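Okay, thanks for making time, everyone.

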Amino acid sequence: MERRVKRGGRGHDDRPWPSERAIRSVDPMGNNVAACPSCGAKNRVPTSATGSPRCAKCQSSLPWLVEAGDADFGDAVDTNRLVLVDLWAPWCGPCRMVAPVLEKLSNEFTTTLKVVKVNVDESPHTAQRYQARSIPMLLFMRDGELVDTIVGAQPEHVLRARIEQFS
Ligand SMILES: [Zn+2]
């Protein structure tokens, strides 16, 4: 069932993507809300959709960073973009170091990258499928296929080089 969070001062019929398949409610970390890099407007971004997220106000490309779990992981990685999956958990210190780097990179690669964050505590099937015994574990995926894996917190320039390599 779909649950929507009403946001202050905005109507509920201004969804930027008519083609969206699902919008998750905003999680406590606010990951499914993106601030437009051009005009600063807050936009909801769906976990999965055809096409690319654009600002409802100015039509600029939005960073695409979402939370997904076992139920919607397949839909979340079903995109023609490069997908960077962040397998993380709240208790994991290095994961907290990686999170802002991924946010920055998703702001930088607004048209080519999608970041999908998966809390392994809440998504045991996805964690098991990718053998996430040590986190943070980053998966690079193209067309649903795993193309590379990075275990452990890596510096920004390493991740950026990998994104450029696979974009
Ligand atoms: Zn905008």
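**The sheet and a loop beside it**

When I say strand, I mean a DSSP run of E with at least two residues, numbered from the N terminus, and two strands count as paired if DSSP finds at least two bridges between them. One of the partners here is L138, whose bridge partner in strand 7 is I150. Two residues sit between the strands of this hairpin, and D143 takes a positive phi near 50° there.

Quick housekeeping. Numbering starts from 1 along each chain, as its sequence is written. This is a predicted model, so local features need pLDDT of at least 70 and side-chain atom pairs count only at pLDDT 80 or more, while totals for chains, interfaces and linings use all residues.

Back to strand 6, which covers residues 137–142 and also pairs with strand 4, residues 82–88: five bridges, antiparallel. Over there, L87 has M137 as its bridge partner in strand 6.

Zooming out, what's the strand order in the open sheet? Five strands make it up, in the order 3-5-4-6-7, with mixed pairing. Strand 3 and strand 7 (145–151) are the edges, each pairing on one side only. On average, neighbouring strands of the sheet are turned by 20° against each other, direction ignored; those axes are lines fitted to C-alpha atoms, and angles between N-to-C directions run from 0 to 180 degrees.

Strand 3 runs parallel to strand 5 (residues 113–119), and five bridges join them. V66, for instance, has V116 as its bridge partner in strand 5.

So is strand 3 buried or exposed? Five of its five residues, 64–68, are buried, so strand 3 is largely enclosed by the rest of the structure. Buried means 20 or more other C-beta atoms within 10 Å of a residue's own, exposed means 12 or fewer, and partly exposed is in between, with C-beta atoms placed from the backbone. Both faces are covered: W64, V66 and A68 are buried on one side, L65 and E67 on the other.

Last stop is S61, in the loop between strand 2 (42–44) and strand 3. S61 has 16 C-beta neighbours inside 10 Å, so it counts as partly exposed. Leaving out residues up to four places away in sequence, S61 touches S52, R54, T110 and T111; a contact means backbone-placed C-beta atoms within 7 Å. S61 and T110 are 49 residues apart in sequence, but 5.9 Å apart in space, C-alpha to C-alpha.

Technical notes:
Helix = DSSP H or I, 4+ residues; strand = E, 2+ residues; numbered from the N terminus. Contact = placed C-beta atoms within 7 Å.
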